[in-house]
Structure formats: structure tokens, C-alpha cells
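Here's a quick briefing for anyone opening this structure for the first time. Take a look, then read on.

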Amino acid sequence: MAREGRRVSKAGERLVAHWSEASADLASRSEDVPFVRELRAHARLSLVEQGLPHTRLEAWRHTSLAALEAIDWATPDTAAIPLPDRLPELAFDPDAAARAVLVDGRLIARLSSPSVPGARISSIAQARSGGPEESLLGGVLGQLADPKLDAFTALNTALLDDGALIEIGRGQQLERPLHVVFAAATTRRLQCPRLAVMARAGSRGMLVVEHLTVGDGPHLTSLVTELIVEADARLDVIFLQREGDGSLLVSNVHARQSRDSRLAIHTLSIGGRLIRNSLACLLAETGSETDMRGLFVGAGDRHIDNHTIADHAAPHTTSRELYKGVLGGESRGVFCGRVIVRPGAQKADSTQSNPNLLLTARAEIDTQPQLEIYADDVKCSHGATIGRLDEDALFFLRSRGIGLDEARVLLTRGFASEILEALPGDGLRERVGAWVEAALEAAIPESIRGPR
Amino acid sequence: MLEIKNLHANAGDKPIIKGIDLSIRAGEVHAIMGPNGSGKSTLSNVLAGRPGYTVTSGEVLFLGRDLCAMEPEVRAREGIFLAFQYPVEIPGVNNNYFLKASLNAIRSHRGEPELDAMDFLKLSKEKMKLVEMPSELMGRAINQGFSGGEKKRNEILQMLLLEPKLCILDETDSGLDIDALRVVAGGVNALRGPDRAMLVITHYQRLLDYIVPDHVHVLSGGRIVKSGGKELALELEEKGYGWLEKGAA
């Protein structure tokens, strides 16, 4: 199906050929355990079979990869020295209980402190060549992310090298967050880190996943995250996407939830040139609950695409979804929220909402819900709005002496605050609040200079 | 303080105000009464500078300066305050933060130093007592989840904090029970003074039992059809507006 009507650029084909070779080369150099070797080989075939996505595919209709294909990712600028030493001042959350720092996709041991009572973070590079973590890796890696269904999952798996393997122990209640930092440093390098998370039964934890860049790039990151949330576990995952203007990020997240588990995923897209998030949550067992929240802020010509799936496969499952977009400049946003209620998933309860604020005439948003409901006793609601700042509210603030520019900033911040306020942890909220504010300010000024 | 001369104004494309002359001096309280659709709210919106309301002829001078040439925020900083009939709810913008930003914008325009968080807290607590406003409302988003009475109290609180020269009250009594009305009027009366003028716009006479005006004007068909003292309000209460509207036609 994908083959028909395919319009892949020559550059795209060259990239896929190069990455396929790189995958074979990596396989020949690595001493992977058998299941990893097999997974990688399948993924390589899937990648070649699919090629890079193009806008004639429904899921990529609004997101062109022309900007990605225009860059020669085959020749990273290895002369430029990555600056891992600059990272501490850039990134680290002082509240974190444990941290893993990956630069260009490789875990840097001396910047990481992976152990904390109740949880551990290990290197996937080590686990995939055998050792004590092998069976944990086998329980997560490739369990949810199928290379056949998505070209970037195929790419990431074909080039699987390193990443963070995380286990939160049975019944463990983590007080402080785990922190994983993905730093892109080398210009024109593709990094394919992997995140494999196992939240054991009855555990409670919080994971902060932060993307940032060192230098101007361009950088390309394909991240695949697999989250297994066992019965009664509660997991909060916060994706902080605050890369530099030259960065492209494709993030695929797959989650599977067992009985009475709770998963909250917060995705804050506040930096970078192109971001594509695909988030799929499988509510596999009864009583499981998913909360998906997102804030995306567009400035300049940033493009942010959020595709989500809430897959209700069991009765009495709940999904809540709120994505807010603030788009300035010539930025473009895409939101596609799919809700599936499978046969027999009675009493499924789903809400979805995607309000958007367009700050300029040239900013754009494409938003659409996709409901596929195969059970009859369900509650599903959805709604999307696209608007400008409320004129009555603007006038009210001005009538109290607040200047037009400041009033616009206040209202825009107010619009975004709902997502910020729901972030767990005071320290995190404060840290992220400052970045969001900076992102909003970058989105607003171009707009307020425009006609009133 | 305020000179309105032969004012004609539109709401959108529709001519509503059709020749108003009104002069308000410092220390005076004027009431404008009139039936629905007479142009009362248009007048208050024109004075505050709401977009969508345009002056087609005539002029408005505030302390000798052309009011219509000023942006709404400049009017506010110069001392004009409109207490809204329907205060807007603004999700995500903290009431306390807003009040402080508002007060400091006006203070810096007056050349006064901005208040820090501590000084502002002290001042706002003092003013909140006057309008019997529960302190938890300060931590919420502007007017969000406020009852009708709480929204009006919040309006008067803003007025008390900003200490404007000209207060315009647009149907401030609408939706208030008698206790809330008494509290709100108490807040307004606390601001009465020789340097301040008030323009009270109302459909009903009952607000004027609490905020006693020096002058009462009846607006009908976009014009002032009758002016008098406070006894005019009582007369209107008794006879309704019909007899004046006929006279105007």
C-alpha cells in the first residue's frame, strides 16, 4: 500500500540506503544477544521496505520531511568536538534521584548516576550484549514498538546502539524523579537512542525525558520509547523537547498498561525546527487510566506534529487527553488524536480536547479527532478549537492600565498555564515554567509587531 | 473633569449615541438612567475606549485633553475606570498577579515607585476588607468560578486599588442581592471625594439609594432628554420612562 503512489526523493532513498548499510555494519561489529540481532535485522528490512514517510501517507499528510531530506546526514561533522562538559550547566535537574546522560545517543557514564534505591537505569549498549540486564531488556525491547508499522521505529531499531533501560521495582515508591537527558552534539549526526521502561506492579515513579542540543546543528534524533506499566503501577513521564532551532526530532512512544494502572504522559514541545510525536497508549486491562497532556509552542517556522492513540482494549478503561497549541510566526501545528474502543471494552470513558491559539495570520494548525468505536456502552467526547486572543479579555486588561503587548503576553501565558500547572513536582514546574515562558515570548513578539 | 460635547457614536456600524452634551466636575456624582437600548452601555464603552465603538462626531475632553485620541490603557493610566456590567473571566491569569501588574502600570505612569509583593499584599488586604472579599479569590484566575456578586466586588476592589479620577459604573447593581449591593455601594462611597468624579449608569433607581447622586440624567434614543437632581430618579421610579420618551420623540 505504501509502495503505491510513492513519491520519495532521491535524497530520501540515498539516506535510507546509507542507514541500511550503517545498520548492517553496526550488526557486524556488535556482539548482540540473539533476540537483538534478529530484531535489528527485521527492522533493517522494514526500513528499506517502507522508505521514509511522505505526505501521501495519511499519518504524514501534514508533515513533510523535505527539510530532513535536504540535509546530508551521511556525513556527520566529526571534526567538531561534542561538548559533554558543558552539559551540567545546561541541563541537570537538581531534584533528580538518578540520571542518565546520553550524548549523540551514547550513555556517558561519568555524567550519569544511575542507581537509586528502588530503581535503576542501565545502558542498553551493555544489556544488548548479554549480562545481568539481558532478560529485563528482553521483556521490554521490541515488545510494543513494531518496526513494520512505522519507518522511524524501523530506523531506530535498525540502528539500535545505546539508550536507557529503566526498571522501577515492584511496590517501590520513588519520591524523586528519574532524569534522562538526550543531548545532540555532533553536527549532521543521526542519533537513535532507545528508552525501555518497566514499571513493576504497584510501583510509583516519575521520569523526565529531556531533549537538548549543544551547538547549532543540524541534528536529527529518532527516539523510540517503550513503557510497560504493570498492574496498580503509577507512572508520570514528562517529555521536555527543547532542542535548538536546527534540530529535528521524531519521537515514538508506545505504552502498555495493565490492570488498574495509571499513566500520565506530558509532552512539552518548546524548541527545535521539526518535532513529530507519535504516542500510542494501549489500555490493555480493566481499570487502567491514561492521561495525555501536551503543550506545543511554535515560533519562526517550527513545525510540531502530535499524533496520539488511546487504544481501549478492556472494559472500564479511561483516557483523558488535553493538547494545547500556541503558534506564532509562520509556525505550523498538527494534532491528530485517535481513540479506539475495541469490541468488549464496555464502559470505556474517553475525553479529548485540543484548543489552539494562533498568534499570527501566517501560523497554521491542522487538528482532527479520529474515533473508532466498536463497543456500545461507552462515553467518548472530543473537541478542538482554533482561536485568537479573546478581544474582551484583552480590552479588560487594557482598561486596567496594562499595555497591549503585556496583555497579550499575560493571556498567552494564561492559556498555556493549564498544562504547566498539571506537571508533577514543584521543582520541575518552576524549571519548566521558565523555559515555557521563554518559548512563548519567542512566539509572541513577531506577532505583536503586526497589525492590531 | 469630563466634557462631552455633541457626541455621536456608533456601536459597530449602528449609530447609537446621537448628540450628548454632559459636563462633570471633580467631586460630583452623576447618574445616567434610561431604558434598555437607550445607549447607556455604549456611552460607557465609548468613554473607556472599547474597540468596535467609534465616535463619529463631537468630542470628549478629559482634564482638558482629547480622550478619544487615547488608547484604552492610556485612559486607564490617566485616571478613567470602568466597572464592567459583565466582568470577563480570564482562565490561567492569576487575580493577584493581574491586580499588581495593573496597579504598578498605573503607578509608574504617575511617576510613583512600583509596589513590591509585600507592600501590595498589605494594600490589597486592606481594600479587600472594604468589599468583604474572601482572600482565596486572590489566588484564583481572574473572575473564574466567582459568583456574580464576587465578580462585582472584584471590580470595585480594582477601583479601590487604582484610585481613578473618574469612576464609571456600568449597571453595577445588576445581578446583586441587597446585601451585596450594600457592600459594593460601600466600596464606591469610600472613594467619593472632592478630587474624584463618578458616573453611575443604571436602569433602576435602587442603586441610587446607596450611592446618592448630585445630578441625574435620563438617556433615551441616544440623547439626554431630561436632567435634574436626585429627586428625578424617584420620579422615574414612580412613572417609568414612557412619559419622557414620548417627549423626546
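How many residues of strand β12 (residues 247–257) of chain A are buried? Eleven of its eleven residues are, so to speak, under cover: each counts as buried, meaning that 20 or more other C-beta atoms, placed from the backbone, lie within 10 Å of its own. Keep in mind that this is a predicted model, where local features need pLDDT of at least 70, side-chain atom pairs count only at pLDDT 80 or more, and totals for chains, interfaces and linings use all residues. Residues are numbered from 1 along each chain as its sequence is written, while chains are lettered from A and ligands numbered from 1 in the order in which they are written.

**The chain as a whole**
- Chain A has eleven helices and 21 strands, where helices (H or I, at least four residues) and strands (E, at least two) are DSSP runs numbered from the N terminus.
- The C-alpha trace of chain A spans about 70 × 55 × 50 Å along its principal axes.
- Of the 452 residues in chain A, 53% count as buried.

- Ser247(A), Leu249(A), Ser251(A), Val253(A), Ala255(A) and Gln257(A) point one way, and all are buried.
- Leu248(A), Val250(A), Asn252(A), His254(A) and Arg256(A) point the other way, and they are all buried too.

**Neighbours of β12(A)**
- Strand β10 (residues 219–229) of chain A pairs with β12(A) in the parallel sense over eleven bridges; pairing takes at least two DSSP bridges between two strands.
- Arg256(A) in β12(A) has Ile228(A) standing opposite.
- β12(A) also pairs in the parallel sense with strand β14 (residues 274–283) of chain A, over ten bridges.
- Ser278(A) in β14(A) is the bridge partner of Asn252(A).

Note on methods:
Buried ≥ 20, exposed ≤ 12 C-beta atoms within 10 Å, placed from the backbone.
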